[in-house]
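Hi,

Here is the structure I promised to pass on to you.

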Amino acid sequence: MTNLLREHAEQAFAHELAELAAVDSRPRPPNWKLSPEAVVTYIMGGRLNNGFEITPKYIGNRRLIEVAVATLATDRALLLLGVPGTAKSWVSEHLAAAISGDSTLLVQGTAGMSEESLRYGWNYARLIAEGPSEQALVPSPIMIAMQTGRLARIEELTRIPADVQDTLISILSEKSLAIPELGREVQAIKGFNIIATANDRDKGVNEMSAALRRRFNTVVLPLPATLEDEVAIVRQRVEALGRALELPAEPPPLDEIRRIVTIFRELRSGQTIDGKTRLKAPGATLSAAEAISVITNGQALAAHFGNGRLSAEDVAAGLIGAVVKDPVHDTVAWKEYLEIVVKARDGWSDLYRACRELTD
Amino acid sequence: MITLLGIRHHGPGSARSVRHALHLTQPDCLLVEGPPEADPLISFTADPAMTPPVALLIYRETQPTQAVFYPFAEFSPEWQALRYAKDAGIPVHFVDLPLRQWFALPTTDETPSSADPFAQIAAAAGYDDPERWWDHVVEQRRDVRDLFLAILELMVALRAEADAHAPPDSLTRAREAAMRTALRRAQREGFTNIAVVCGAWHAPALLDLDNAQADERLIVELSHRARPVSDVRAAWIPWTYDRLARHSGYGAGIDSPGWYEHLWNVEHDIVAHWMTRTAHVLRAEGLNLSPAHVIEATRLSEALAALRGRSLPDLGEIEEAIQAVFCGGNDTPLRLIRKRLIIGQKIGSVPPDAPAPPLQRDIEATLKRLRLTLYLNEPAVLEIDLRKPSGLERSRFLHRLALLGIAWGEAFTPPGAQGTFREIWRLTDWAPEFVVRIIEASRLGNTVEAAAAASAREQALRAGRLPDVIEILGVTLLADLPDALNDVLARVEALASTTGDIAQLMQALPGLIQTARYSNVRKSDVTIVRTLAVEILTRVCVGLPLACMALSDEAAKELFERLVAVHRHIPLLEDEAQTQTWRTTLARLADMPAHGLIQGLATRLLHDEGEGSGTAIRMNRALSPAVAPATAAVWLEGFLSGDALALIHNPHLWRILDDWLISLPEPAFVAQLPILRRAFQRFEPAARRQLGELARNGPIISMREAPMQIDDARAKRALALLRLIEQAEEASGGR
């Protein structure tokens, strides 16, 4: 077991990537570690010819991943859109790991970002001492990716101010980055490409310019289509996280996961799964990612303060914290849900009691 | 030599291969799977006025609802085969079980074998949709040599397996026997190089032609089981891509006629052409798409196809590329693409001299004259100005179609627009059912006018209730059918004189009065209708008092509504004598021992008419202490017509009630309180509160009573303006 808190995809799944590369006989685009087919297999999971089992990284529509991989294979930049928690960053990390063997060339988009983060910066001590020189240059992850023919990732592209975003236009169309201070440019070598993620529903987004948008193929990652899909996602991630955090608790019972996912889906859609009752929808996003954190949180509680088995008391606090983000409006929605749905549902009385204790 | 060309219906690849194969083999006789009854219609395929999509309609003349459609598109292999035969000048026949036998079979005779052979092969080849498999392996194949031999070989193997599993049902057996018989006939006639175009599934059954007796026996047996019908007719009708698409539910439909047409028309760079067309459509909708987008979308779809191990992208890849590159991941524009391009909006046409029922020809001629088209892709709204002769004619035509049961248009009168010069119609998109209805209506007459008149007569005779006949009368007038009008009127009179049911008469009256009043807009002669209305009104006035005796509460409530409706329509007659008769009748109702609700209402209606003198007396009488409180309350309810506003805003009414209350001695007043309470408890709380305030601040009434001071000079100025407005209205053609 490694000592790292969180391993990169290419570290955590190094074995799978190696097995895939060994059996992958299809043509690979220049500087790709795997063929496009093998990349899709890596993301979607499957059994290799030699019997090796690849775990699914993304649970959902295979065609979406195929479009994403084909986009990268045609040298077009890829934009993954979706509401929070639809596995955008997760998919982007795994794509980079599988294609370039490296998911670390990452720029995190923020509102205060400047052009240096996308182009290059300077080591000012050297700049002053020696003047502009190769040694004084601090390349951005994007520049490194161009030089080495790898994939660069930009998280939350639409948080970046619009004028800074537009720096990408020349990088994506000319595939080169000029360094006027040194009188030269960096030309991207084959294999370079960009995966950006953006969240189109969040407040405070900077709309992309039409010119930049045109350089991206867009893939919208939807919320999990079915209850079973979502349960599978949460279970798989919770187990992986539990291992990484070395939580001594038993693996969480499937029933408990299904219960949390059901609550999240019902509150998100504003009606019960059977469609019979309309509900107030709280303002929180209630994504699969949050369900995952509710469960791991509960597991930690169970491990350290309980009997090691995940129970309703352990998840209740995390659950309420996830649902009630706005103390006024969300509390009403939650209390209504508790009294109308949770109280009446068979076998949910333990959860109801645990939540009531915390809600009042 | 016999060449078997096994095809998939409406497959562009099949069509191309068929054309190619026919050019190679140069047959001297061509047989095509299809209804033999339509043989005489084949010659029309060469007519330049014939443009697919069209359909063969085979129907029974006496029972047109029993009908079958055989749609053809430009890219249907059968259509290409027919066109080839006409161009090459060789004999061509439809071969299949004649529909006169098919129609005779009971519909639930045997469920047809439903196993889809292509589903099995497609599954074996790793496709979940057999259509996609066929698309890839056959339709998109550009090299057609030996294709049909390979298909035949495949089908032989599949049929052998399927037949061993479950033998074909009797209908399939009979159909194939009929095809074989036709093949033998062609051989006997001396043709040596025969080509057969039929569904791939049937091809193996046509290989062995030895056992002629068995086939004959099979068909004779079928004829014994169900006697062939004798009234089968065939016609060409226009068809649409939308109908060709599977979701419309007619037979062997396909998902994507527009895409298939594209595959048929475009030989090279199929995807690039398609992407460009898509970009054009989306640009027209305001999306900014450059040629660079088209290039990227084409590349992405090709990369996707390569990723999935296919030589060419199909619709799935193309749609995904369009979504990712053109639409920024959004899937709403795809719906537009699906409707406009993938399904397509093409509508076919049929030469005017092709056989069709005369009624249909008349409808088509009328449509052309009125510059209307029945073949709409989408529902539309038609606004008609009845002052223009063409507008009037359009309106008549649409009303006539409605009488024939062809539900193409639905008249829609905006509230309050009655009697105006505007008529609004909602037109639905074209449906093949229209053709069936036209054929059905053909028995009624050869022109729209004659058929509609006959239909009106027939419906009037069939209708047993007066209000229904009045409705038909209304439509007959709107449709301007003077021939039918007299018969419908006679029917109205007959029913009106024989019916003892006053309620029915009353129900019919408003409609009749409206018709009499507003049909003038259409310049039709409605004096007879007016006469009839007056006659019915007389009957009502005579019968009403008797009908109001001994009513149950339910019946009284019903009559109450009718009375109000009739009362509202009386002024429209603009006939003082009739109005007077009606008032007299109301007075009788008010003074006779009718049901309290009716009595109260009659009193109130009279009061509103200005005959207020009797109101106070009638109220005192109805609310006297001797009357049972419950009855009195009902009277009050009728008087107030369930409407508190009248009391609040009509001080006169208020005062009558108030005066009566004040006049009561104290013990009587106390006794009346429950009645008042009951009559008032139906009102909204807010209205009750207002009434209470009114009772407290009575003086409002006297203020209203103050004589009005009119400033003559100012009034004159207003009058001048009013006159001006009136003149302007007259000049613009107001009624």
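Helix H6 of chain B runs over residues 147-165, and its 19 residues reach 27 Å from the first C-alpha to the last. That is close to the 27 Å expected at 1.5 Å a residue, where the expected span is 1.5 Å times one less than the number of residues. Helices here are DSSP runs of H or I with at least four residues, strands are runs of E with at least two, and both are numbered from the N terminus.

Before going on, a word on conventions: this is a predicted model, in which local features need pLDDT of at least 70, side-chain atom pairs count only at pLDDT 80 or more, and totals for chains, interfaces and linings use all residues. Residues are numbered from 1 along each chain as its sequence is written, while chains are lettered from A and ligands numbered from 1 in the order in which they are written.

Which residues of H6(B) are buried? They are Leu147(B), Phe148(B), Ile151(B) and Met155(B), with buried meaning 20 or more other C-beta atoms within 10 Å of a residue's own, exposed 12 or fewer, and partly exposed in between (C-beta atoms are placed from the backbone). These four lie on the same side of H6(B), because they cover an arc of only 70° around the axis, taken from the directions from the helix axis to the C-beta atoms. Strand S1 (2-7) and helix H1 (12-25) of chain B are among the elements that cover them, a contact being two C-beta atoms, placed from the backbone, within 7 Å. The face turned away from the buried side carries the exposed residues Glu153(B), Ala160(B), Glu161(B) and Ala164(B).

As for chain B as a whole, it has 33 helices and 10 strands, and 38% of its 735 residues are buried.

Most residues other than glycine have a negative phi, and most peptide bonds are trans. The peptide bond from Pro52(B) to Pro53(B), however, is cis, with omega near 5°; Pro53(B) sits in the loop between strands S2 (29-33) and S3 (54-60) of chain B.

Asp269(B) has a positive phi of about 50° and belongs to the loop between helices H10 (257-265) and H11 (270-284) of chain B. Asp480(B), with a positive phi of about 55°, is in the loop between helices H19 (466-478) and H20 (482-498) of chain B. Buried or exposed? Asp269(B) counts as exposed because it has 11 C-beta neighbours inside 10 Å, whereas Asp480(B), with 22, counts as buried.

Best wishes
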